[in-house]
Amino acid sequence: MWWDAFDILLQANFWAATIRIATPLIFGVLGALICERAGVLNLGIEGIFVAGAMAGWLAVYLGLSLWGGVVVAALVGAAFGLIHGTLTVPLGLSQHVTGIGVTLLATSAAYFGYRVAFPNVATPPRIEPFPTLDVPLLRDLPFIGPIAGQQTAFTVLAFLCVAVVAFVLARTPLGLSLRAVGDNPEAVEAQGLSVVGLRIGAVMAGSALMALGGAFLTLSAFNAFYFGMINGRGWVCIALTVFASWRPGKALLGALLFGALDAYQLRIQTIAGGMVPSQIFLMLPYLFSIAALVLVARRADYPRALMKPYFKGQR
Amino acid sequence: MIRFVPRERTPVWLSLAVSIGAGCAALLLTMIPLALSGAPVFSAFALMAEGAAGSGFALAETLTRATPLIFTGLAAAVAFRAKLWNIGAEGQLYAGALAAVAIGAGAITAPPYLLVPLVLIGAAAAGAMLLLLPVLFKTRFGADEVVVTLLMNFVVLLFVQMMLEGPMKDEMALGWPQSAPLVDEATLPKLFEGLRLHSGLILALACAVGLHVFITRTVWGFRIRAVGENARAARYAGLPVGLSMALVGAISGGLAGLAGASEVAGLKGYLTADLSPGFGYAGIVVATLANLSPLGVVPAAIFVAGVFVGADSMSRAIGVSNYLADLVVSFALLCVLVGGLVTRFRIVYVRRSAA
């Protein structure tokens with residue numbers, strides 16, 4: 001029994017599942033951290049995940065290519081980001097309540113749209129999802145080969161996004177202004193840059209990434225759209241963002257850690273099956289997120305202007 | 001250049017006009033997806049209105065649906081006033097429902113005038129305890145209560161499922177995961193013969209009035225408002241900020257717990273894991289529509305309930321998905337938020353040269 005619990009860690013399947021579970025979270029945490037680095041909390045994330053999952057999948061179902069679906073999802077995400085950004089940045093409305101509103105709106109729009117497109121279906125219609133990668137040299141490596149062989153191009157895109165976001169935030173003038181607008185908007189204004197423009201842009205870009213997280217689920221992990229398939233993944237990303245202290249590298253780490261925990265939980269369930277109710281294991285990822293948040297909260301270095309609306313010429 | 005100048009006082013007619021205007025704007029916005037879906041827009045709205053308030057029966061259904069929404073709306077209103085972002089009313093509702101079943105399903109034998117209050121107090125205590133934990137995390141560790149309360153919703157729902165499949169499962173329910181029914185002495189009486197409307201509504205209305213009096217007429221109510229307006233100033237003035245937060249948490253969680261008890265003891269009679277179709281989240285919408293005023297929560301809850309009940313009946317009649325209700329409600333939330341700018345600020349156009 002104890003050996004079985006340890007043996008899980010040696011299985012390629014477990015590590016492949018870890019990466020698969022982590023991928024949507026990587027997109028989500030990156031998206032949330034871009035928004036928050038610019039000073040805007042985006043609680044629309046949960047709904048944007050749903051809308052991205054639904055829109056990307058529907059686009060492919062209606063005949064677009066898989067990458068076309070990815071683009072559609074990103075655009076839908078950016079559109080909801082524009083709503084959230086417009087209401088919270090120039091109008092300065094409560095970021096909490098607006099975010100919940102965007103989540104409700106995006107979720108109900110996705111569900112309503114699905115019901116309009118498919119009024120009476122018993123089994124959800126399917127698409128042909130992203131195929132697994134087959135890289136000539138990589139597949140022959142021991143242990144790594146089988147893990148990489150179960151991933152799709154969409155996962156590679158997630159890892160690329162980590163690198164791009166990390167580079168842009170740390171090394172480019174755009175990244176510098178973006179960080180500044182979340183820490184000290186007055187300084188950005190003094191430079192002659194538009195605080196409103198930068199923040200809305202950041203929220204749109206972040207929301208587009210969040211939507212990709214949803215689209216991964218319907219275009220790569222599964223091949224259909226289900227009601228309730230997001231099931232709190234978006235909220236988990238908000239917790240992981242604090243855990244990652246708003247850094248892309250740590251975001252990747254946090255998402256992988258969470259993925260490993262979730263994958264482990266699923267496997268240990270079958271070993272311990274019957275002895276412990278399955279719900280106990282299903283609670284673990286949520287409890288882990290809460291614990292991580294509570295543990296790092298004291299030292300968390302929040303962007304200083306997070307949730308503080310900025311009005312030109314007003315202190 | 002446009003500036004927002006804070007208003008010292010908002011005239012009542014303006015708040016009313018903005019609420020009605022926002023409601024109309026939400027209905028207008030809903031026409032877009034409705035038209036895109038190819039449904040007959042105006043007859044859909046007419047059917048919704050008829051389904052929500054077209055008959056005594058429809059009205060009773062709307063009020064039945066509004067009952068839990070008044071509780072969760074009050075829970076959100078009192079918390080948001082103190083800037084305690086309790087998004088966990090859904091979980092607190094289930095905790096209350098679980099406590100109601102634990103007390104009322106035969107564990108204690110007592111006459112109704114003892115058992116009903118016991119069920120309600122137990123449910124309120126369970127909801128309150130569930131929110132005090134995130135409040136503690138917030139005041140002690142600085143952990144953001146939004147995420148903690150959100151994630152706890154999922155934990156509580158899993159816990160309820162676990163209890164319903166395990167220790168609290170009704171063996172007579174033919175394998176269906178539901179709790180044993182409440183004993184007759186623990187149930188809230190119905191208000192009218194043949195209707196589902198129950199005395200939970202009276203309790204909800206009493207809570208709204210009580211909360212209004214508490215917030216506007218008592219010292220603790222004043223403290224809560226002061227902490228919400230400016231926590232640093234309140235601390236500087238020597239107000240017990242931590243204690244006020246805990247009190248707000250207990251009230252807010254307790255009200256959400258009562259929502260669960262009222263649904264179980266007044267309507268369903270037993271607990272299932274699908275007791276609430278998102279009443280906790282809808283409470284946030286209700287509180288926002290009511291501009292966080294306890295008395296305003298009552299009409300706001302009736303409006304939201306009417307939208308849901310009306311959409312259900314419209315959906316049965318012409319087959320348009322009842323997710324339309326969620327669309328109307330989320331549009332209403334966003335419209336009221338924007339409308340709130342007009343009530344809180346005077347919007348002044350300043351010429352650039354003058355500024």
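A: A residue counts as buried under 20% relative accessible area, as exposed over 50% and as partly exposed in between, with a 1.4 Å probe and protein chains only. This is a predicted model, in which local features need pLDDT of at least 70 and side-chain atom pairs count only at pLDDT 80 or more, while totals for chains, interfaces and linings use all residues. Residues are numbered from 1 along each chain as written, chains are lettered from A in the order written, and side-chain values use heavy atoms without hydrogens or water.

Helix α10 of chain B covers residues 241-268, helices being DSSP runs of H or I with at least four residues, numbered from the N terminus. Because 21 of its 28 residues are buried, α10(B) is largely enclosed by the rest of the structure. Just after α10(B), G269(B) adopts a positive phi of about 90°.

Where the chains meet, 45 residues of chain A are in contact (heavy atoms within 4.5 Å) with 46 residues of chain B. Together the two chains bury about 4,000 Å², 82% of it on carbon and sulfur atoms, as accessible area (1.4 Å probe) lost on being put together and summed over both. On the side of chain A that touches chain B, the elements giving two or more residues are α5 (95-117), α11 (233-243) and α13 (278-297), and α5(A) supplies the largest share, 14 residues.

Notes
The expected span of a helix is 1.5 Å times one less than its number of residues.
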